[in-house]
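Keep the model open beside the text and follow each stop in turn.

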Amino acid sequence: MSLNTNNIDPSKLHRLDRYLIWKGFLQLVPLSFFVIAFGIAFGLAAKQTGLSSTESMAMSTLVFAGASQFASLELWGPKVSLITILITVFAINARHLLMGATLYPWLQHLSPTKRYGVMLLASDANWAMSLQAFTQGKPGFGILFGGGISLWLFWIFGTWVGLYFGNLIHDPKQFGLDMVMGCFLLAMVVGGEKNIRMFVIWIVAASASLLAFWFLPENSHVIVGAIAGGAVGLFWMNHKEGEKSHD
Amino acid sequence: MIETTGLGALLVIGLMFLVTLSTRLGGVFVMSYIPISYRVKQFIQAMSGSVLVAILAPMAVTGDNGARLALLSTAVVMLLVKKPLPAITVGIATAALYRMF
């Protein structure tokens, strides 16, 4: 957090070593505690839906994407429509495509193995924090990967607790725990760049997202809003001095 | 339709894993074929904030007043303190307090 980290050679921002991964892990631990609560809620819901413990744990370990896991429970039964579940999971998780794309300016400097490796545990929180680190001129892949490990382990642990002690947190909403991710993501937005251009981009993204939420197929709003906001950025370019010389 | 007894459920979960994995890796894969020009950078930079806003907008509009107050107080604390953890904590506490009464 000290000021001199801002003066790192920009070409070194993509570096990734054990120390950075460990630091990233620790940085996401406080938020991961809240993730336990979600995991508990998921474990309990999965049990009530009729998934076995093995199946519930396998889902949290492999899929590691809360919103889509909850949605799949809604579609679960003695018989499930595979296509419906997979399309739903894809639509909810399609935002990961955008995350990979937004990190690409830094990912491109990594070897292909590392490039795809650090994305394995990408999710909302660690992506947002790593992107914020990069835009502040700090290395971000430790946060993406180490933070991902932290979120992943606590998610799996929470699921396990939910399966066996699910009644501990019967109604996460009552404690405001349903707002953890929302508040976190909003803090990331507010903590980011603020100017008239960004403000217009946010308004367009929010409006497009809401229109898609109401009038387009379910779960399309994130993609629609993000691309609409991106398009504004494309036409209203940020002309910073010195930036153009890179092209 | 697929039966979720026995291995059927694990098959569904396995395929869910592959679909999710393809979203995590797919964006990176596609970008490796797109030259990163200044224009592309501007698009990406605008899109990254927009992803978050697009997730949040329906949450704020369709949520209860507890959810709205949580988001509002998070934004205010974040503007004042500029640290995410206190902002989130205040947000959650606000929702919990509002729903208590």
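The lining of the largest pocket divides into 30 nonpolar, 8 polar and 9 charged residues. Here Ala, Val, Leu, Ile, Met, Phe, Trp, Tyr, Cys and Pro count as nonpolar, Asp, Glu, Lys and Arg as charged, and the others, Gly among them, as polar. The model is predicted: local features need pLDDT of at least 70, side-chain atom pairs count only at pLDDT 80 or more, and totals for chains, interfaces and linings use all residues. Residues are numbered from 1 along each chain as its sequence is written, chains are lettered from A and ligands numbered from 1 in the order in which they are written, and side-chain values use heavy atoms, without hydrogens and water.

The volume of this largest pocket is about 1,600 Å³. Its lining counts 47 residues. Nearest the centre lie Gly66(A), Ala67(A), Phe70(A), Met181(A) and Met59(B). Helix α3 of chain A, residues 66–74, gives the largest share of the lining, 5 residues.

Now turn to helix α9 of chain A, residues 180–191. Helix α7 of chain A (residues 124–135) packs against α9(A) at about 15°, with the axes 10 Å apart. Axes are lines fitted to C-alpha atoms, for helices over the stretch in contact, and angles run from 0 to 180 degrees between N-to-C directions. The pair is therefore roughly parallel, a term for angles under 35 degrees. On the α7(A) side, the contact (heavy atoms within 4.5 Å) involves Asp124(A), Ala125(A), Ala128(A), Met129(A) and Gln132(A). On the α9(A) side are Met181(A), Phe184(A), Leu185(A), Met188(A) and Gly191(A). This contact of α7(A) with α9(A) has 7 nonpolar, 2 polar and 1 charged residues.

Which helices of chain B does α9(A) meet? One is α2(B), residues 38–62, whose axis comes within 10 Å of that of α9(A) and crosses at roughly 130°. The two are therefore oblique to each other. Gly182(A), Leu185(A), Leu186(A), Met188(A) and Val189(A) touch Leu52(B), Val53(B), Ile55(B), Leu56(B) and Met59(B). By class, the contact of α9(A) with α2(B) has 9 nonpolar, 1 polar and no charged residues.

Another is α3(B), residues 65–81. The axes of α9(A) and α3(B) come within 9 Å and cross at roughly 35°. Residues of α9(A) including Cys183(A), Ala187(A) and Val190(A) meet residues of α3(B) including Ala70(B), Thr74(B) and Met78(B). The contact of α9(A) with α3(B) divides into 9 nonpolar, 3 polar and no charged residues.

How values were computed
Helix = DSSP H or I, 4+ residues; strand = E, 2+ residues; numbered from the N terminus. Parallel < 35°, antiparallel > 145°, perpendicular 65-115°, else oblique. 1 Å grid on protein atoms, 1.4 Å probe; cavity = no way out; pocket = protein on both sides within 12 Å on 5 of 7 lines; lining within 4 Å. Points joined across faces, edges and corners; volume = space filled by probe spheres on them.
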